Amino acid sequence: MSTTFQLDTSTSRANPTPQVMKRLTVPKIRQRKKDGVTEDPLVMLTAYTARQAQLLDTHCDLLLVGDSLGQVIYGLPSTIPVTMEMMANHAAAVVRGSYHSVVVVDMPFGSYESSPQQAFESAASLLKLSGAAAVKLEGGVAMAETVAFLNQRGIPVMGHVGLTPQAVNVLGGYAARGRSDTEAAKILDDAKALDEAGAFALVIEGVLESIAIDVTKAVSCPTIGIGASAQCDGQVLVTEDMLGMFERVPRFVKRYADIASIIEKTVVSYAQEVRNRSFPGEEQTYQPKA
Ligand code: KIV
């Protein structure tokens, strides 16, 4: 008999509704593209918290713990200051809140670029601390050796080409990429190099649609577009952007809801009820048991 005293936490908010479901795997995601065709497009959204993951999980194939959490959660000006600790903690929360999707965690700026060995240590640490299944990193040809190194050592990698936000200081902003022939050719070369290095999927962000289509045809792994093309093998958006949490979003975002105004209206009601003392009411207060 165990002598360990355990609190009954069955009513805790953190307890997800049990779901009998098998988690997808990286090979299953990779196999969705067969002979250059993806019949069933991949659905990916960003998630940063356990509750958000619970709500998105059954509807997605992949949940991306993106380093966009720097701006979305922490109010940082870019993804540059995002740390390993932030990524590991949020990824662990998303893994706890999901049963079905493959959880992919972004490698933060500075944690992988200097060598394949540095990348392995950082990626291994992210996977160990969070339980996520794969990492994502930005860059093309320059990162191909690293992608192969990680892949051969048991770490699946999702690539990210086109507009790569961690390179904002080199690019000078977040404008769409590939407007010149040279840049378009470079994006295609980057994608091919990552595919050959063994990336299991590629995010293509903020490029002219023709480039996204060319890349999707040229690589054997699935492409996941954001500001790219409906002809990619899947799509991703930042969840808060598509929910309508922010006033300003990139042109490629479709707002599927206006959650910001729902929150605002709700808070106005709460504030009024606090101020006129109608909250808490009878239902929300405790009285002696009869
Ligand atoms: O950090 C992120 O959320 C991303 C997606 C926008 C692809 O990289």
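**The ligand site**

Mentor: Asp-67 places a polar side-chain atom 3.0 Å from an oxygen atom of the ligand, which falls under the cut-off for a polar contact (a pair of N or O atoms within 3.5 Å). This is a predicted model, in which local features need pLDDT of at least 70 and side-chain atom pairs pLDDT 80 or more, while totals for chains, interfaces and linings use all residues. Residues are numbered from 1 along each chain as its sequence is written, and side-chain values use heavy atoms, without hydrogens or water.

For Ser-68, a polar side-chain atom lies 2.5 Å from a ligand oxygen, and for Lys-136 an N or O atom of the side chain is 2.9 Å from an oxygen atom of the ligand. Of the 260 Å² of accessible area that the ligand has on its own (Shrake-Rupley method, 1.4 Å probe), the protein covers 95%.

The residues around the ligand (a heavy atom within 4 Å) include Asp-67, Ser-68 and Lys-136, together with Thr-46, Leu-64, Gly-66, Asp-106, His-160, Val-203, Ile-226 and Val-238. This shell divides into four nonpolar, four polar and three charged residues, where Asp and Lys count as charged, Leu, Val and Ile as nonpolar, and Gly as polar.

Key:
A polar contact is a pair of N or O atoms within 3.5 Å; within protein, one must be able to donate a hydrogen and the other to accept it, and residues adjacent in sequence count only if both atoms are side-chain atoms.
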